[in-house]
Amino acid sequence: MGGKQDGDEAYGKPAKYDPSFRGPIKNRSCTDIVCCILFLLFILGYIVVGIVAWVYGDPRQVLYPRNSTGAYCGVGANKDKPYLLYFNIFSCVLATNIITVAENGLQCPTPQVCVSSCPEVAWTVEVNQFSQKVGEVFYTANRNFCLPGVPWDMPVIQSLQQELCPSFLLPSAPALGRCLPLLNSTPPELPGISSNTSISQGISGLLDSLNARDISVKIFEDFAQSWYWILVALGVALVLSLLFILLLRLVAGPLVLVLILGVLGVLAYGIYHCWMEYRVLRDKGASITQQGITTNLSAYRNVQETWLVALIVLAVLEGILLLMLIFLRQRIRIAIALLKEASKAVGHMMSTMFYPLVTFVLLLICIVYWAMTALLPSCEKVQMNTSCNPMVRGLRVDMEAQPVNSSCPGLMCIFQSYSSTGLVQRSLFNLQIYGVLGLFWTLNWVLALGQCVLAGAFASFYWALDKRRDIPTFPLISAFIRTLRYHTGSLAFGALILTLVQIARVVLEYIDNKLRGAQNPVARCIMCCFKCCLWCLEKFIKFLNRNAYIMIAIYGKNFCVSAKNAFMLLMRNIVRVVVLDKVTDLLLFFGKLLVVGGVGVLSFFFFTGRIQGLGTNFESPSLNYYWLPIMVSILGAYVIANGFFSVFGMCVDTLFLCFLEDLERNDGSLDRPYYMPTALLKILGKKNEVLPRDKKRKK
């Protein structure tokens, strides 16, 4: 298994020799045109959705506080009023239900108004002021804390009953764009405020309701203090990743050997530990027959049968791994040779190592575009089908009244319909679904583009007889242009298949979360089986798509034909596939662990101030959450390492498929020389009758 097979076997006929084949073909035509047109039309629709969101949305809602009329404090008409004042902050104590808080837009159930400055002294409306006018009590006394549009001559008692003006003020200080009372303030004795309600309780309730929004302020402060150190950590991750890949050309064999021996050593220690635990418990007579069956899983650590089973499992794994090393040693040597060749290919085309930056930028554009499209709309909370009173809270008293300074231009009291669900609500939901589909499809397409482009570049390296002269001048750019020009539809086809499976998984997770409390054990088991099947299906489709894109990059055929040819080729060499896949996974896992772990440890010691003696220019910044830059550094290091190693993994997979095709197409003769490197020829016991450079001279 793994070599050439008879043409009548189940997994297709081996590739035949083609004298005109010299790597990725130049003369190719557009593939999967129907899917290409569908994808382009979908993108046009996605752009229309973004335009709708931009026209009717407002991104300021996540940056500035808003008053009761929907206006933003600190911008526009309220440019000189940057702070938000709560009429009754004690109502925030009652807003402890997160669902209620979310439905209220993360706001307390009390009127709020934008003010130029926070109150400095305590004040309460007196009984003899109820009959006076608003202008006399508030405006002339420089208490401009009423909602916009309250008439000068309105009675104070009426403004208080309609909650248009505050009934009391407390000395406050601005924090997070809001006027928060000082902790030593004494609450007034007013209806609705109990004697045991404190200022700290009100502030606590307010912060609970605003936590999801205002926590970002401290996060931004930490980023402002530590962003350059985070960039340094990411630079370290980049250098480590690049060095690890380039050094594989020299140490791939010893490194793989060390990793395999390390796994054997870990399993051997596990066997020894299980044996020692089993022997101690056996001597004590601790058996499961004495303890019985229990739901307390920790109790099974104290019975001998648990350690005996673990010992048997580890021993079986150790034996399987040893047998694999004995019988598959030649295939492991092939995998090591391909890893070295992949490192050499990356060294010849260093630009490929930085292509993940292009992929990252495209992915960022897709995610930001979706986020803006999904989060920009700010008028969907308006009740379109309920009664509207133009006299409520600062609305102008006329037949076409609209909220003063509203963030929803054109909002007015009009009759729409008797339906309980209007067109606006239905459209918003459908557009959100369209946006989610667009997000998944565009992300998968961008990833597919990167895989196909890299495959085209690395395939041109393998199929060059003379690596110094036959490799194209700009292989990455040529592969990029070729892929975009001819294979956009094929990439969209593969991305769409993967997108449908991923959306099915998302829907299944949503249903599982909604019905988790009402499910019985049988339903949970069925749901778990469905989720497991979809997860396996997604992994298989990713694997198939990846190899299909390699075949598309080389031969320029459509997605279905390329996927079929790749699958058949891999099945004809299934043992080599498994060995190479596991060796590569082990090596790349070790590399990621080295990069991410190293950056994480350095970040932890630096941002917690445990690295001393670096001077004043290298002191760790003062942070609200020291774990934030650490987590960002670790995440960034993982993204960088994953980007570099994904290029290396794509190179290995491409060279592997080319190697398998090379074995089937050629025989090492003068007319059909092998394109594989000399190391692989030695491992296979093969040789070319003529060296590649000699063949070039004869031509």
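Trainee: What should I know about the numbering and the rules before I start?

Mentor: Residues are numbered from 1 along each chain as its sequence is written. The model is predicted, and local features need pLDDT of at least 70, side-chain atom pairs count only at pLDDT 80 or more, and totals for chains, interfaces and linings use all residues, while side-chain values use heavy atoms, with hydrogens and water left out.

Trainee: How many helices and strands does the chain have, and what makes a run of residues one of them?

Mentor: The chain has 18 helices and six strands; both are DSSP runs, a helix (H or I) having at least four residues and a strand (E) at least two, numbered from the N terminus.

Trainee: What is the average pLDDT of the chain, and which elements score lowest and highest?

Mentor: With pLDDT being the predictor's confidence in each residue, from 0 to 100, the chain averages 75, and 73% of the residues score at least 70. Over residues 94-106 the pLDDT stays under 50, and the model has ten contacts beyond four places in sequence for them, a contact meaning heavy atoms within 4.5 Å. Residues 187-214 also have a pLDDT below 50, with 51 contacts in the model beyond near neighbours in sequence. Where pLDDT is low, the predicted coordinates should not be read in detail.

Trainee: Why are Phe 42 and Tyr 46 called a tilted aromatic pair?

Mentor: Rings of Phe, Tyr and Trp (its six-membered ring) pair if their centres lie within 6.5 Å, and planes under 30 degrees apart count as stacked, over 60 as edge-to-face and the rest as tilted. By this rule the count comes to 17 aromatic pairs. For Phe 42 and Tyr 46 the centres are 6.3 Å apart and the planes stand at 35°, so the two rings form a pair and that pair is tilted. The two residues are four apart in helix α1 (residues 33-56), which means that about one helical turn separates them.

Trainee: What makes Phe 493 and Phe 559 a tilted pair?

Mentor: Their ring centres are 5.3 Å apart and their planes are at 55°, so the pair is tilted. Phe 493 lies in helix α12 (residues 488-515) and Phe 559 in helix α14 (residues 559-571), so the pair ties together parts that are 66 residues apart in sequence. Phe 493 is called partly exposed because its relative accessible area is 25%, whereas Phe 559 counts as buried because its relative accessibility is 5%.

Trainee: Which residues form one aromatic cluster with Phe 42 and Tyr 46?

Mentor: The cluster consists of Phe 39, Phe 42, Tyr 46, Tyr 369, Tyr 434, Trp 441 and Trp 445.

Trainee: Why is Thr 654 called buried, and what does its side chain reach?

Mentor: Thr 654, in helix α16 (residues 627-665), has a relative accessible area of 0%, so it is buried. A polar atom of the Thr 654 side chain lies 2.8 Å from the backbone oxygen of Met 650. Leaving aside neighbours within four places in sequence, Thr 654 is in contact with Ala 455, Phe 458, Ala 459 and Ile 550.

Trainee: How do you know that strands β5 and β6 pair?

Mentor: Two strands pair if DSSP finds at least two bridges between them, and strand β5 (residues 172-175) and β6 have four bridges, in the antiparallel sense. Ala 173 has Leu 180, in β6, as its bridge partner. Arg 178 and Leu 180 point one way from strand β6 (residues 178-181), Cys 179 and Pro 181 point the other way, and all are buried.

Trainee: What makes Asp 32 stand out in its phi angle?

Mentor: Most residues other than glycine have a negative phi. Asp 32 is not glycine, and its phi is near 50°, a positive value. Asp 32 belongs to the segment before α1, and a relative accessible area of 19% makes it buried.

Note on methods. Buried < 20%, exposed > 50% of the residue type's maximum accessible area, 1.4 Å probe, protein only. Polar contact = N/O pair within 3.5 Å; in protein donor to acceptor, adjacent residues only side chain to side chain.
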